[in-house]
Amino acid sequence: MKQSLRTLIEAHNEKARGPLQSDYAHLGEQLARRGVDIDAVRQRVAAFGLAIPSWGVGTGGTRFARFPGAGEPRHVFDKIQDCAVVHQLTGATPSVSLHIPWDKCSDWSELRQTAHAQGLSFDAINSNTFSDQPGQAHSYKFGSLSHTDAATRAQAVEHNVECIEIGRLLGSKALTVWVGDGSNFPGQSHFRRAFERYLDSSRQIYAELPGDWRMFLEHKIAEPAFYSTVIQDWGSSFLAASTLGPKAQCLVDLGHHAPNVNIEMIVSRLIGAGKLAGFHFNDSKYGDDDLDAGSVSPYRLFLVFNELVAAAHEQVNGFDPAYMLDQSHNVTDPIESLMSSAVQVQRSYAQALLVDRGALDAAQEANDALAATQLLQRAFQTDVDPILQRVRVDAGRAVDPVVAYRASAYRQRMAQDRPAILSSGGGIV
Ligand code: PSV
Ligand code: MN
Ligand code: MN
């Protein structure tokens, strides 16, 4: 950790130490009366980490406009630097998920070393066959892995294989594949054939996975294709993952479902089938809004974690989801959004750890609907801030990451160090 930031965090935490001690003790007493050991919860929260998407540290945008902020990352090394700041202040985000070719660089070993020196490792690597790159032989305008043209499909397969190669150099253990393939008009696409072509291409990628890797299939109901998408929901995703084999699993991005879908139930189904790859956390009101995790529907996020904690509690075989944020920050400083979202995800996890599993089992067995739902509400309505703050302070992170970040004037320094350049893709200046 950079000395200046560490010193700043220490001074920032010093003032909060006294009040935190009494808040933590008070919550500990309350939880003890409920049969919960606060230190055990704290230890599990401390062991929890989630990945930052490299594209999340740049200002996002919509198809109408993008309003870049000052001091935005210019390349992948700048992105790593910003991700490191998020981790230094929160202690919750020890890994980074790259997107190729947005994050291409000339020396992967230098990138790996730079990240490691900052305490960061590399999570799943993401391929991109949903946009064309300069000089590319075949366009993805009408699809990639499912394209009607064999040469276009081959190019998309080759790109994914290249991503695996890059991921190997960085120490990644998974490839995330999301395709924008689909159609905009009824009749435009032969649904069955398109899915078969997708499977055929995906089999070729799957065959290139190293033994200890997984392939995460990310479904999405719409956008950029607005009539149909090839992997539109968890059904198609599950079908594809099951066809491909045990290394293929289904990734759940919270914003990629039909309105009002019961996402926590999908999560539970995938856990039961041994096919839950992991998550892209964000929040939404209308579609793939990519709003900050837990900013609109924190109870939904909690209910997802309730399923995850239940699975861990019941020691479901092979249960090992990957956690990542996937948000678009249009009106905030991305570092601030990422920090508060990471804390929000941690909060949902901590709250889910408070659910009395034995009592919930009993209420469910007795068909006592009200008692069951009150058990969940009681956990969700507990203010777990003292636990989250203790986890951070114990690890030398900031008791209030956003306040400490603002005091550090990091963004102002970056505004001077990083003169704006034109976007080279991925919405990052
Ligand atoms: C697509 O909407 C998505 O959620 C996928 O994860 C992409 O890789 C990411 O957003 C970035 O565009
Ligand atoms: Mn996503
Ligand atoms: Mn998305």
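Trainee: Which residues of strand 5 are buried on one side, and which on the other?

Mentor: Keep in mind that this is a predicted model. Side chains in a regular strand alternate between the two faces of the sheet. Strand 5, residues 174-177, is covered on both faces. The buried residues are Ala174 and Thr176 on one side, and Leu175 and Val177 on the other.

Trainee: What is the hand of the crossover from strand 4 to strand 5?

Mentor: Strand 4 (residues 125-126) pairs with strand 5 in the parallel sense over two bridges, with isoleucine 125 partnered by leucine 175. Between the two strands the chain runs through helix 5, residues 150-170. That β-α-β crossover is right-handed.

Trainee: Over how many bridges does strand 5 pair with strand 7?

Mentor: Strand 7 covers residues 214-218 and runs parallel to strand 5. Alanine 174 sits opposite arginine 214, and threonine 176 faces phenylalanine 216. The count of bridges is four.

Trainee: Why is strand 7 said to be largely enclosed by the rest of the structure?

Mentor: Arg214, Phe216 and Glu218 point one way, while Met215 and Leu217 point the other way. Strand 7 is largely enclosed because its buried residues number five of the five.

Definitions and conventions
Residues are numbered from 1 along each chain as its sequence is written. Chains are lettered from A and ligands numbered from 1 in the order in which they are written. This is a predicted model: local features need pLDDT of at least 70, side-chain atom pairs count only at pLDDT 80 or more; totals for chains, interfaces and linings use all residues. A residue is buried if 20 or more other C-beta atoms lie within 10 Å of its own, exposed if 12 or fewer, and partly exposed in between; C-beta atoms are placed from the backbone. Two strands pair if DSSP finds at least two bridges between them. A crossover is right-handed if, with the strands pointing away from the viewer, the path from the first strand over the helix to the second runs clockwise.
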